[in-house]
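My entries follow in the order in which I made them.

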Amino acid sequence: MNPLLHFIKHGNSHDRSTLPPVKMFRDTEPDVCAYYTPAQPKNPFDSWKRLNKQSRYRTSQIRQALIEIGEKTKFSIVVPVYNPPLDVMRECIESVMHQTYRNFELILVDDKSPDATVVPFLKNYARLNRNVTVVERVENGHISAATNDGVAAATGDYIVLLDNDDVLDTDALAIIAERIAREPDVDFLYSDDAKFKDDQEELFGPKFKPGWSPELLLSYCYVSHIKVFKTELYRSVGGCRSVVDGSQDHDLVLRAVEKTDKIVHLPHVLYRRRVLPGSTAASGHAKPYTFEAGRRACEEAFARRGVNCSVRQPAWAFERGLGVFVPKMPDQGPEVSLIIPTRNNWRVLDRLLKSISKTEYKNYRVLIVDNFSDDPETVTYLKNCKFRVERVQNRGEKFNFSHINNTAVRSVSTEFVLFLNDDTEILEADWLSQMMGWAQLEGVGAVGARLLYENRRLQHGGIVPSLPWRVGRTAFRGLPERDLGYLLLPRVTRNCSAVTAACMLTRRSDFLELGGFDEEAFGVAYNDIDYCMRLRDIGKRVVYCGEAELLHHEGTSRGKTDAYKEIIDYEAKWGRQADPYFNPNLSTDTNRHEFKGIVVPPVKVRGGLKVLAITHNLRTEGAPNSAFEIIAGLNEDGRFDVSVASPTDGPLGGLYRSKGIPVDILEPGYSINRNLKDYHGFLERLSARLRMQQFDVVYANTADLFWIIEAAALAGVPSIWNIRESESWKTYYDRYGPDVGRRALQAFGLPYRTIFVANSTRKRWAPVDTEGNFHVITNGVDPARFKKRSDPDFRKESRDKLGVAVDDVVMICMGTVSARKCQHELIEGFAKLPSHLAAKAKLVIVGARPSEYLEYVNALVASKHHLKPDAIQIVPETRATGPYWASADMFVFASRMESYPRVILEAMGHGLPIVTTPTYGIVEQVKESVNALFYRPGKVKDLTTHMARLVENEDLRREMGAASLKVLEGLTPYSHMVELYKEQFIAAAFSAPAPLVVN
């Protein structure tokens with residue numbers, strides 16, 4: 001006799017429950033971890049410095065690059081010298097003599113130093129090194145004359161400018177040469193830089209600069225150091241001018257870029273500026289004459305660009321010793337129409353119109369675009385308004401901001417149009433003069449303004465389209481009004497990828513040529529970003545005008561109406577484009593341009609990057625399957641040489657081998673011992689293997705593989721760690737005991753990147769992110785996988801095999817049957833369906849694996865006597881899931897603990913409506929009430945309501961299923977996911993590995 005079946009059949013007669021006892025899953029979190037207290041997070045730039053030290057892989061790749069490109073390009077490094085401390089001068093020269101790239105000449109130009117020991121010191125270097133030349137000036141002519149004399153003696157292809165108290169990074173010339181080899185037509189290059197004091201290792205004040213930004217250069221000399229000019233370009237502009245000594249470099253660059261657009265920014269700290277008393281690296285006040293020189297250089301540059309304006313140094317810049325300059329643009333110029341859409345909002349509109357009256361720019365018109373207001377007060381106000389009012393109807397039933405503005409632009413004839421929200425308010429009288437002045441520079445396509453909230457915090461400081469949607473793409477949002485922000489970017493006029501149409505100026509001809517705002521894809525939101533991106537595609541620049549400051553009472557006009565479809569369309573069209581003005585060394589975790597421990601590969605990878613990927617098992621289940629897709633993607637790229645290892649073998653092992661990926665089984669039967677001595681011995685054996693095989697990166701899949709992260713650190717190999725778990729870090733490692741559990745949590749500071757698959761789980765583990773190395777890459781699926789399953793013939797065939805009638809509505813749940821996934825709630829919810837709905841519905845749960853919980857689930861199904869016999873089916877785990885997906889009409893999910901489940905993505909890929917718990921990363925995958933209905937864990941009544949709603953409403957199923965396909969388009973596709981992982985693996989390989997420190 002089967003005791004379980006007997007128990008189910010006769011349990012009530014024995015005065016017992018009909019169901020066997022089972023331990024249900026509970027997601028609990030204590031206040032503290034019993035054995036580990038996380039350290040305080042490190043300074044992000046300290047992490048950056050550690051990661052960017054020399055490493056074995058970095059050295060080997062730079063060496064390979066030099067072998068490949070040769071040393072064809074010759075650099076002339078010109079150093080004007082005037083009375084330096086000799087130890088400082090020695091460091092400067094030695095930084096050049098120790099360059100890994102050897103085809104250079106060093107030209108030391110003594111500008112009549114009063115110290116008689118300087119010239120002999122320089123000549124001694126020339127005597128010992130054939131590539132060192134000393135030029136002696138007969139009189140002191142200052143820095144421009146000295147620099148020009150050095151260039152006159154140069155024989156190189158490119159001029160590199162170096163101050164006599166600064167130093168070059170050892171690989172500076174190699175990195176520059178490698179880039180020139182890839183872009184041989186480049187005329188001007190500049191890099192990032194940082195400061196140092198006596199100890200060269202202690203860098204501080206890094207300048208991670210934007211890509212080439214012509215308008216930012218007119219605000220201040222952001223390119224700073226290193227500056228590399230093609231020799232013929234330097235000579236063609238006449239070199240440095242003594243009349244602007246002190247800002248001669250700024251003036252030189254302003255003139256040089258008028259002759260070329262072949263400009264490259266190198267996002268690497270190749271130059272180190274020494275901070276000495278009396279140097280401008282310490283403060284601009286050290287040499288106040290530089291301010292006037294810089295002002296003159298900018299004013300003359302504007303004149304050469306056809307803008308007649310005066311230039312001043314703003315008070316806030318002077319007070320802080322900053323060489324920042326602002327033009328006073330003319331109040332006369334081309335005619336511009338201010339286009340102001342409005343509806344039923346007369347008080348807000350009136351505030352704006354009154355503020356416009358202070359505008360100093362003379363040649364403007366106001367067009368109020370009334371979106372058919374029906375409020376009597378607004379109608380009366382507009383009837384009596386002194387400005388032109390045009391009534392524009394929506395296109396169709398829905399509000400369409402793009403259509404309203406496009407119609408308005410066609411109704412005016414001015415050279416420029418300025419889109420202006422009715423909930424803005426003018427603060428300064430010169431706002432329009434400034435915007436119009438910048439807009440007339442050749443190549444400028446759009447100009448936006450600096451917008452403040454009512455609380456005087458920044459609302460708009462330019463837009464960074466490549467920032468994640470969750471961060472918000474508006475740069476510096478929330479920054480206090482007087483905060484200068486990173487590199488002064490919120491305060492100065494500069495280039496950016498896009499600006500908001502809450503206040504955006506553009507040429508009418510450009511707007512019409514591009515077809516205006518996109519009424520189809522971006523009727524309400526993202527139309528402004530899309531327009532700016534299209535401007536950039538035709539070679540136009542977008543400018544954020546830091547001097548044009550307005551209040552933005554955001555949301556008081558038409559509210560926040562971003563639709564999921566527009567977000568998805570934006571992501572599909574532009575979301576994966578890099579932003580040239582956002583330095584790749586900066587964090588994408590915030591919109592503030594903050595530091596993060598990041599490695600930007602200094603040269604391109606030249607193949608043979610050896611990766612060891614460790615997966616906790618090789619079964620065909622969630623985490624190993626996800627790792628397989630990543631590893632297979634790496635393996636298809638010739639730059640990677642991938643091997644796989646696991647403590648146990650399984651079906652995935654065969655799949656790896658079929659793709660030519662070797663698989664190794666690590667110490668079969670070994671399990672992590674709570675005894676530290678035994679654990680240390682295991683680490684030593686693993687690290688010895690890693691050292692012997694010379695892997696460049698180790699990859700660990702799941703939180704339980706902390707031991708390979710420690711072994712990699714012990715072997716001096718950088719690592720990547722994928723965390724797919726959502727459990728609390730405070731209890732996750734309890735089963736290993738306090739000693740090993742503590743080591744596991746300390747290991748989070750070791751990888752180059754700890755990658756989560758959902759932002760919610762990253763947030764839950766954030767307290768152990770002491771190195772700032774946490775990152776998120778969401779799972780991606782290949783939509784091509786679902787094409788066959790969506791075929792009507794395959795669906796009919798599949799449903800016939802499963803015994804599904806034509807009118808049956810099939811609910812499917814895919815995934816291992818376990819207490820964590822709470823499939824019993826699906827059974828309870830289904831069993832409570834009204835009888836007429838239950839009669840035409842089926843619940844198919846795929847993923848049964850022997851366990852106590854499975855026994856409970858089977859017993860629960862057997863206890864639902866009122867259901868037809870085949871109403872609920874429990875199917876064993878299988879790789880052949882296609883027929884089940886093809887047969888399904890909806891997807892149901894009850895899990896309590898999920899990071900970013902693949903089955904949700906697969907359900908969307910099959911075009912299914914979804915009923916699910918809103919657990920962790922699930923809310924990042926689906927859109928509530930669009931393609932998914934949420935029920936709270938344990939709320940079975942709500943689950944039944946959602947099931948019933950979809951079972952009885954075929955139209956709703958069809959609508960939400962179509963929405964699932966659309967929502968999936970906006971998520972990370974498989975190909976992009978693999979590319980994101982490749983970027984992280986390459987960066988990790990170039991990084992300096994963390995030392996293993998045990999506390």
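**Entry 1: strands E26 and E27**

I began with strand E26 (residues 719-723) and strand E27 (residues 753-756), which run parallel and are joined by 4 bridges. Ile 720 has Arg 753 in E27 as its bridge partner. I note that the model is predicted, that local features need pLDDT of at least 70 and side-chain atom pairs pLDDT 80 or more, and that totals for chains, interfaces and linings use all residues. Residues are numbered from 1 along each chain as its sequence is written, and side-chain values use heavy atoms, with hydrogens and water left out.

For the terms, I recorded that helices (H or I, at least four residues) and strands (E, at least two) are DSSP runs numbered from the N terminus. Two strands count as paired if DSSP finds at least two bridges between them.

I then looked up Arg 753 again: Arg 753 lies over the face of Tyr 752, at 4.4 Å from the ring centre. Such a placement requires NZ of Lys or CZ of Arg within 6 Å of the ring centre and within 35 degrees of the ring normal.

**Entry 2: the sheet of 7 strands**

In what order do the strands of the open sheet of 7 strands stand? I read the order as E24-E23-E22-E25-E26-E27-E28, with parallel pairing. Strand E24 (663-665) and strand E28 (774-776) are the edge strands, and each pairs on one side only. From one strand to the next the twist averages 25°; axes are lines fitted to C-alpha atoms, and angles run from 0 to 180 degrees between N-to-C directions.

I next examined strand E25 (residues 697-701), where 5 of its 5 residues are buried. Buried means under 20% relative accessible area, exposed over 50%, and partly exposed in between, with a 1.4 Å probe and protein chains only. In a regular strand the side chains alternate between the two faces of the sheet. Val 697, Tyr 699 and Asn 701 lie on one side of E25, Val 698 and Ala 700 on the other, and all are buried.

E25 pairs with E22 in the parallel sense over 5 bridges, and with E26 in the parallel sense over 4 bridges. Asn 701 stands opposite Thr 615, and Asn 701 has Asn 722 as its bridge partner in E26. E25, helix H23 (residues 706-715) and E26 make a right-handed β-α-β unit; right-handed means that, with the strands pointing away from the viewer, the path from the first strand over the helix to the second runs clockwise.

**Entry 3: the sheet of 6 strands**

I found a further open sheet, in which 6 strands stand in the order E31-E30-E29-E32-E33-E34 with parallel pairing. Strand E31 (872-876) and strand E34 (932-934) are at the edges with a single partner strand each, so one side of each is left without a neighbour in the sheet. Neighbouring strands here are turned by 20° against each other on average, direction ignored.

**Entry 4: aromatic rings**

How many aromatic pairs does the structure hold? I noted 41. Rings of Phe, Tyr and Trp (its six-membered ring) pair if their centres lie within 6.5 Å; planes under 30 degrees apart count as stacked, over 60 as edge-to-face and the rest as tilted. Phe 45 and Phe 595 have ring centres 5.7 Å apart and planes at 45°, so this pair is tilted. The two residues are 550 residues apart, with Phe 45 in helix H2 (residues 44-51) and Phe 595 in the loop between helix H19 (564-574) and strand E22 (609-615). Phe 45 is buried at 4% relative accessibility, whereas Phe 595 is partly exposed at 25%.

**Entry 5: buried polar residues**

I looked up Asn 585, which lies in the loop between H19 and E22. Asn 585 is buried, with a relative accessible area of 1%, and a polar contact of 3.5 Å joins its side chain to that of Asp 192. A polar contact is a pair of N or O atoms within 3.5 Å; within protein, one must be able to donate a hydrogen and the other to accept it, and residues adjacent in sequence count only if both atoms are side-chain atoms.

Arg 743 lies in helix H25 (residues 737-746) and is buried, with a relative accessible area of 4%. The side chains of Arg 743 and His 680 are joined by a polar contact of 2.5 Å.
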